Amino acid sequence: MSTPGARLFARLVDTRSALLVIVATAVWLAATAGVRPLMLPDEGRYVGIAWEMLTSGDWQVPRLDGLPFFHKPPLFYWLTSLSLGLFGSHQLAARMASLLAATLAAGGMYLFARRYRGSQVATIAVVVLLTQPIFYAAAQFANLDMLVAGLISLAILSGADALLRLEKGSPYHAALARAYGFAALGILAKGLIGIVLPAGVLLLWLLWRRSWRFLPTMLWPSGCLLLLLIALPWFFWMQHLYPGFFDYFVVYHHFQRFSETGFNNQVAFWFYIPVILLCALPWSPWFARVFIKPCWTDKDASGLRSLMAIWLGVIVVFFSLPSSKLVGYILPAIPPFAYLIAESLSIWFDRNRVQAQRWYAGTLAVAVVACPALVVGVALADKVSAKPLAAAAVIFEPQDQLLMVDEYQYDLPFYLQSRRPAWVVSDWNNPEIPRRDNWRKELADAGKFESASRQAVLLSSAQLGEQLCRPDARVLWIWGRAQATAFLPWLTEQPPFGTSGKHVLWRLTPETLSRLPLCSGKPRNG
């Protein structure tokens, strides 16, 4: 019989090992997170919104170029704005929300697997998870996919922990509260999938275990209240401020985009099967061991194998249903995929340790090289970032006015440290805008929520002339391609400030603007 002192010592050892896993995870994932510029469009868009939230001081309404942007809820923007404010406006800080979510998901998997399956399975599961290129790269990608995947994973693990505790008659309320809390944060991260997917996985697992008598207990009123208190206030407040919010965010972005086929990235139903197998290399071939006889005849300790199989299946099927698919959507399926591989390897370890260790070490060595090599390769191949040209504009002042011509360069305000919404000149009356899922549609849709803000930043060539000739004109920086002169013919007479690839940057002072033909004869200050 163990003494209280021995139990305390064991808990301290367990806590220390868990902290070491979390710290090692954070260091591994962050090692290359700052080596490449923000990728377009996703990283530039979402970090740009967070940057604008920070600089404007408006933490309620996510804004893209000063316009309400309601494609996604605000949690990612809040976390990223906080990170930028605390650590500075650089790429590592911009990716902190994804790094945090990935670290917590890996730590949660380790603690859960260690509690119910042992330290060997837990350790292998975390190692496999962290060295799969898809997980490693997504942890260093500043968009919402890793954040919601991490929260979904933590909600499922917490809910499963609560159910297992219930079955054993152990205290379960803390675990169940965590499940509801993580689900609520998942809703604030990306909407209804934050609760729908964890609930679906846990319900199917509960039924698989024939534990339906615990269903009323799992539907805990206090947990439901906690979820509502965390998740709903922001949505109600946005509906109060913008009466069209519910129809746009819930009806259009949740149900229409899920069911309709008129959006980008339309691929076949089976798309995610090769995605998982390819993006989890070099570990994915070991998934075949899940189906060999020793694995499916080995005792399914605590039913974890069935949980992970249901978790993997629900995520893959759910995101395979819509015709529009993106690689990042499948991230919530990667933790159970890693666990199933780890458990099969652990069984192999127990049966033939020498051979298993040799293959495991070789696969791990390849993975440890492949993950950072992938990130470095992407950094070298990415040629569309605004960073090189923005870095040359060292005399840019935060209050200077930025103008983009027939293009919206998402990352430019972040790299220039601009504190004012950019003017964007284009043909905003083009009837094709609502039919194309691109930057024009994003800005045009956002402009429908605030007509005054729309008129201030989405300009025609004629409207731009009125802005340029105002007496209080600021230094104007113009970003565009060489063909920008088709929109602004007078640009042909202005020398470029700098060029990078296909893009050109011009700088016009108030004095230069006053000499433009369209401003001649108009009074100006000074």
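What follows is a chat about salt bridges, a sheet, aromatic pairs and a surface patch in a predicted model.

Trainee: Hi! How many salt bridges does a search of the whole structure find?

Mentor: The search turns up 17 of them.

Trainee: Let's take R45. Which residue does R45 form a salt bridge with?

Mentor: Its partner is E442, and the closest N and O atoms are 3.0 Å apart. R45 sits in helix α2 (residues 42–56) and E442 in helix α21 (residues 439–447), so this pair ties together parts that are 397 residues apart in sequence.

Trainee: And are R45 and E442 buried or exposed?

Mentor: Both are buried. You can see another buried pair at D58 and R63, where a salt bridge has its closest N and O atoms 3.2 Å apart.

Trainee: Is D161 buried or exposed?

Mentor: D161 counts as buried because its relative accessibility is 6%. R115, at 47%, counts as partly exposed.

Trainee: Changing topic: in what order do the strands of the open sheet run?

Mentor: The six strands go β5-β4-β3-β6-β8-β7, with mixed pairing. β5 (458–459) and β7 (498–500) stand at the edges with a single partner strand each, so one side of each has no neighbour in the sheet.

Trainee: Nice. Are β3 and β6 parallel or antiparallel?

Mentor: β3 (residues 401–405) and β6 (residues 476–481) pair in the parallel sense, over four bridges. If you want a spot to look at, L402 stands opposite W477 in β6.

Trainee: On to the rings. How many aromatic pairs does the structure hold?

Mentor: There are 31 aromatic pairs. One of them is F70 with W234, an edge-to-face pair with 6.4 Å centre to centre and 70° between the planes.

Trainee: Where do F70 and W234 lie?

Mentor: F70 is in the loop between β2 (67–68) and α3 (75–87), while W234 is in helix α12 (residues 221–241), so the pair ties together parts 164 residues apart in sequence. F70 is buried, with a relative accessible area of 1%. W234 counts as buried too, at 7% relative accessibility.

Trainee: Which residues do ring pairs link into a cluster?

Mentor: Ring pairs join F70, W234, F235, Y242, F245, Y248, F249 and F449 into a cluster.

Trainee: Now α17. Is that helix mostly covered or exposed?

Mentor: Mostly covered, as 16 of its 18 residues are buried. Its span also works out: at 1.5 Å a residue, α17 should span 26 Å, and its end C-alpha atoms are 26 Å apart, which agrees.

Trainee: Last one: which residues make the nonpolar surface patch?

Mentor: F269, W270, I273, L277, V317 and L321 make a patch of about 630 Å².

Trainee: Where does L321 lie, and why does L321 count as exposed?

Mentor: L321 lies in the loop between α16 (304–320) and α17 (334–351). L321 counts as exposed because its relative accessibility is 53%, and the cut-off for exposed is over 50%.

Methods:
Residues are numbered from 1 along each chain as its sequence is written. This is a predicted model: local features need pLDDT of at least 70, side-chain atom pairs count only at pLDDT 80 or more; totals for chains, interfaces and linings use all residues. Side-chain values use heavy atoms; hydrogens and water are left out. Patches are made of residues with over 30% relative accessible area and no salt bridge: like charges are joined within 9 Å, nonpolar side chains (Val, Leu, Ile, Met, Phe, Trp, Tyr) within 5 Å. Accessible areas come from the Shrake-Rupley method with a 1.4 Å probe; for residues, only the protein chains shown count as cover. A salt bridge is a side-chain nitrogen of Lys or Arg within 4 Å of a carboxyl oxygen of Asp or Glu. Helices (H or I, at least four residues) and strands (E, at least two) are DSSP runs, numbered from the N terminus. Buried means under 20% relative accessible area, exposed over 50%, partly exposed in between (1.4 Å probe, protein chains only). The expected span of a helix is 1.5 Å times one less than its number of residues. Two strands pair if DSSP finds at least two bridges between them. Rings of Phe, Tyr and Trp (its six-membered ring) pair if their centres lie within 6.5 Å; planes under 30 degrees apart count as stacked, over 60 as edge-to-face and the rest as tilted.
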